[in-house]
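Open the model in a viewer and keep the selection tool at hand.

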Amino acid sequence: MYCPKKDVRLAVMILFPLLALLFLFIYGFIIWSLRVSFTDWNGILPNMTWVGLNNYKLLFASQRFQTDLRNTFFFTLFFIAICIIGGFFLSYLLYSKLKGESFLRTIYLFPLSLSFVVTGVLWRWIFSPEVGLNSLLRMIGFKAEFGWFTSTHSIGGFNVALIALIIAATWQYMGYTMAMFLAGLRGIPDQLIESAQIDGAGEFAIIRKIILPIIKPITFSAMIVLGHVSLKIFDLAYAMTGKGPAFVTDFPGLFMFETTFRGNHYAEGAAISIMMLILVAVVIVPYLYLTFKGED
Amino acid sequence: MRKSFLIAVLVFLTATTMVFAQGAAEPKPKSNSLEIFSWWTAGGEADGLQAMVDVFNKKYPGIEIINATVAGGAGTNAKAVLATRMQGGNPPDAFQVHAGHELIDTWVVADFMEPVTFILEDNGWMDKFPADVIDIISYKGEVYSIPVNVHRSNVMWYSPKLFKKYNLAVPNTMDEFFKVADVFKANGIPALALGDNESWAATHLLESVILANTGPDKYRALWDGKVSWNDPQVRKGLSDYAKMMAYTNRDHAALANMDAAGYVAEGKAAMNIMGDWAAGYYYSQGFKQGTDWDWAPSPGTKGNFIMLSDSFGLAKNAPNRDNVIKWLALCASKEGQDAFNPVKGSIPSRIDGDRSKYDAYLNAAMDDFASNAIVPSVAHGAAISEPWLTRINDIMSVFTTDLNVDKAMREFQAASDRYAPKN
C-alpha cells in the first residue's frame with residue numbers, strides 16, 4: 001500500500017494523544033501491577049520492599065487459588081464447548097429456512113442484551129435449592145435434592161456447583177455464537193451446496209465436508225471471544241453465587257477483589273491479576289499472531 | 001499540508017490542556033459544608049442518619065451537609081471507595097467505620113487519623129461510655145473514633161411456637177443446645193437456621209461459639225494473639241461449631257443472613273444466631289415478639305456482650321475540620337444518639353440513653369450492655385484487622401463444608417501468627 005510520508009506524520013500526530021493515554025493507563029498500569037506483585041504492600045500505605053516471588057508462592061500454596069484455577073479451567077471448557085456446539089446447531093436450524101426465523105433469531109439473541117449481573121440474579125433465584133427449580137420439580141412429584149450452586153460435590157476436580165453457572169453463562173452467550181455462525185453460513189455460496197447435492201452428498205456430508213471447513217475461522221474467533229469472557233469472569237459469579245461454600249464457585253477475579261479491596265493485600269491482589277493476565281494472554285496471543293500472519 | 005499539520009498540533013495541545021485543566025478545576029466543596037461518608041443507604045439506617053442530620057441542621061443552620069453514601073451491605077463497596085479517596089489525599093470530612101481494629105489497624109496505624117479524645121474530655125463524657133468500649137476504640141491511650149451505636153452479636157433468636165410445640169426449654173449452655181437440637185432434628189426441623197451465602201455469617205456464629213467455650217478473658221486474648229488455637233477450650237469451640245453444622249438448614253449456603261433469621265419467625269427453623277439487627281428486621285416485617293420470635297443470649301454466653309459499633313472518626317486533612325468536630329460531638333451526645341438509634345434499631349454507646357424512646361428488645365439489650373462483660377466482635381471488625389478477618393472468612397468457607405477441626409485449627413493459628421498484633 002502506498003502511504004505518503006506526510007500522511008504518516010499526520011496520522012501519528014492525530015493518534016498520539018490516544019496512544020499516550022493508552023500506554024499510560026493500560027500498559028503503564030500493567031507494568032505497575034507487575035511491580036507491586038513483587039513487593040510487600042499489604043496495607044493501606046504502599047510498601048515497596050522487594051520480596052521476589054513470595055506473593056506468587058503464597059498464591060499457589062493457597063487452597064482457594066488452586067480451586068480457582070480448576071474452576072476457571074472447567075468453566076471455560078464447558079462454556080466454550082456448549083456455546084459453540086449449541087450456537088452452531090441453532091444457526092444451522094435458522095439457515096435451513098426454519099419457519100419464524102426472524103422471531104427465533106430475536107429470542108436467541110435477546111439474553112445478550114442483559115448484563116451478567118441481571119442474568120446472575122435471575123438464575124440465582126431459579127437455582128436456589130429450596131425455592132427455585134427444585135420446588136417446581138417437587139411439586140410434580142420428583143425428589144429434588146440437588147443443591148445446584150450450593151452443592152459441594154466434586155467429580156475429578158470438577159465442582160458440580162459450576163453447572164448452574166455454566167447454564168446461566170451459556171444461556172446468555174449461545175445466541176451470540178449463533179449470530180456469528182449465521183453470518184458465516186450466509187456467506188457460503190449456494191452453488192457450492194447445490195453442486196454437492198447434485199453430486200449426491202447427504203446433509204451430514206455437506207456439513208462435515210463443506211460447511212465446517214468454511215466456517216472454521218468463525219469458530220476460532222468465537223472461541224477467542226468466549227474464552228476471554230470466561231477467563232475474566234467476575235460479575236456473573238459475584239451476582240449469582242459469590243465464592244460459594246469451600247470456593248466451589250470461586251474465580252480468580254473474585255479472589256483478587258476480596259484480597260485487594262477487603263483484605264488490603266495489594267501485593268497479593270496484584271499477583272492474582274498478573275496470573276489472570278497470563279491466562280488470557282495464553283489464549284489471545286496465538287490468536288493475534290495467527291491473525292496478523294494471515295494478513296501479510 | 002502544512003496547514004493540516006498545524007491544525008493537528010493545535011487540536012492536540014487543546015486536548016491535553018483540557019485534560020490538565022480538568023484536573024486543576026476539580027470542584028472544591030463549599031467552604032462551610034460537611035461531607036458525611038457512609039454506607040447507610042436504605043431503611044432504618046438511612047432514616048437514622050437523616051434524623052441525626054436534622055438535629056445537626058437545627059443546631060448549625062449555616063452548615064451544608066453533603067450526604068455521600070455508597071451502597072452495599074456491610075460496607076464492602078464503601079470501604080473500597082474510601083481507601084481510594086484516602087490514598088488520593090481527598091478524605092471525606094466524616095466517614096463511617098466499624099469501631100475497633102478495622103479503624104485502628106487500617107487507618108490509625110497508617111497515620112491517617114487524628115485522635116478525638118479531646119471531644120469526650122472537653123464535654124466531660126469519658127465516664128458516659130463503658131470502660132470496655134473506651135478500650136475497644138482506643139489505640140495507645142487515645143480515642144480514635146466516636147461510636148454512634150452499639151449492636152450485639154451474640155443473640156440467639158428462637159421460635160417460641162416450636163419450643164412450645166415440643167415442650168422444650170430455651171438452651172442456656174452448649175450442652176443444652178445440642179440436647180434441644182437433637183429433638184428438633186428427630187422431628188425433621190432444622191434446629192439452627194444459618195444463611196452463610198456471605199461467609200461472614202459463619203464467622204459471626206463462630207465467635208459466639210468460641211466465647212461460649214472460652215469466656216471473655218481468653219476470648220480477648222485469643223484475638224490479641226496471646227492464646228493458641230490449640231488451647232483445649234478454643235478447640236472445643238471449633239468442634240462445637242463443626243457439630244452444629246449437622247443441625248442446620250440444607251440450603252444455608254444459598255441464604256443471606258436475613259433469610260435465615262426469617263426462617264425462625266416463620267417457624268421453619270428453631271433457632272438462629274445473628275446480630276440484633278434481626279430484631280429490627282422482625283419488627284419491620286410485622287412479626288410479634290413472644291409469639292413469632294423471642295431472644296436469649298447465644299448458648300453459653302449469658303453475662304457477655306459481643307459488641308460491634310459504627311463510628312465516625314476525624315481524618316487528618318479533613319477539609320472542614322471544625323465542622324467534623326461539631327458532628328463528632330453530636331455523635332457522642334445523648335441527643336444525637338437518641339435521635340439515631342431508635343430509628344436504626346440499635347442501642348446508644350452511652351449508658352444514659354432515654355429508655356422511653358427504645359422498644360422492648362432494645363431496652364433489654366441496654367440492660368445487658370450496662371451490666372455485662374463487653375467483648376469486641378470478630379466478624380464485624382471490632383476485634384481484629386481486615387486482612388485477618390478476610391483470611392478467617394476464607395477459612396470458615398472451607399471449614400463449614402469439610403468440618404475438619406484439625407485443619408481449621410492449623411489454618412487459624414497460621415493466620416493468627418501472621419496477623420495478630422505483635423507486641
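Begin with B:Ser397, which is buried because 25 other C-beta atoms lie within 10 Å (a residue is buried if 20 or more other C-beta atoms lie within 10 Å of its own, exposed if 12 or fewer, and partly exposed in between, with C-beta atoms placed from the backbone). This is a predicted model, in which local features need pLDDT of at least 70, side-chain atom pairs count only at pLDDT 80 or more, and totals for chains, interfaces and linings use all residues. Residues are numbered from 1 along each chain as its sequence is written, while chains are lettered from A and ligands numbered from 1 in the order in which they are written.

B:Ser397 sits in helix H16 (residues 386-402) of chain B. Helices (H or I, at least four residues) and strands (E, at least two) are DSSP runs, numbered from the N terminus. Leaving aside neighbours within four places in sequence, select what B:Ser397 is in contact with: A:Lys243, A:Pro245, A:Ala246, A:Phe247 and B:Ser199. Contact here means that the C-beta atoms of two residues, placed from the backbone, lie within 7 Å. For a sense of scale, select B:Tyr60 as well: B:Ser397 and B:Tyr60 are 337 residues apart in sequence and 48 Å apart in space, C-alpha to C-alpha.

**Where the chains meet**

Now show both chains. The contact between them takes 29 residues from chain A and 30 residues from chain B. On the side of chain A that touches chain B, the elements giving two or more residues are helix H1 (5-36), helix H3 (63-95) and helix H12 (252-262) of chain A. H1(A) supplies the largest share of that side, six residues. By class, the side has twelve nonpolar, eleven polar and six charged residues (Ala, Val, Leu, Ile, Met, Phe, Trp, Tyr, Cys and Pro count as nonpolar, Asp, Glu, Lys and Arg as charged, and the others, Gly among them, as polar).

Select H1(A) alone. H1(A) is hardly covered, with one buried residue among its 32 residues. At A:Phe16 the helix bends by about 45°, and a proline, A:Pro17, follows within four residues. The bend is the angle between axes fitted to the seven residues ending at a residue and the seven starting there.

Colour chain B by domain: the assignment gives domain 1 (33-152 + 308-371) and domain 2 (155-306 + 379-419). Such bounds come from an automatic or database domain assignment. The C-alpha centres of domain 1 and domain 2 of chain B lie 27 Å apart. Between them, 21 residues of domain 1 of chain B are in contact with 19 residues of domain 2 of chain B. H15(B) gives the most to the domain 1 side, with five residues.

**A sheet and a helix**

Next, pick out the open sheet of four strands in chain B, in the order E15-E8-E13-E16 with mixed pairing. Two strands pair if DSSP finds at least two bridges between them. The edge strands, each pairing on one side only, are strand E15 (347-348) and strand E16 (373-376) of chain B. Strand E13 (residues 304-308) of chain B runs parallel to E16(B), joined by four bridges. B:Ile306 stands opposite B:Val375 in E16(B).

Move to helix H12 (residues 277-285) of chain B, whose buried residues are B:Trp277, B:Ala278, B:Ala279, B:Gly280, B:Tyr281 and B:Tyr282. What covers them includes helix H2 (43-59), E8, strand E9 (155-158), helix H11 (257-265) and H15 of chain B. After H12(B) comes B:Gly286, whose phi is positive, near 80°.

Is B:Gln289 buried or partly exposed? B:Gln289 counts as partly exposed because it has 16 C-beta neighbours inside 10 Å. It lies in the loop between H12 and strand E12 (294-297) of chain B. Beyond neighbours within four places in sequence, B:Gln289 is in contact with B:Asp294, B:Ala360 and B:Tyr361.

**Last stop: the core**

Finally, select the largest nonpolar core, which has 182 residues (a nonpolar core is a set of buried Ala, Val, Leu, Ile, Met, Phe, Trp, Tyr and Cys residues joined through C-beta atoms within 7 Å). Helix H9 (residues 200-223) of chain B provides the largest share, twelve residues. Among the residues with the most contacts inside this core are A:Leu165, B:Trp157 and B:Val264.
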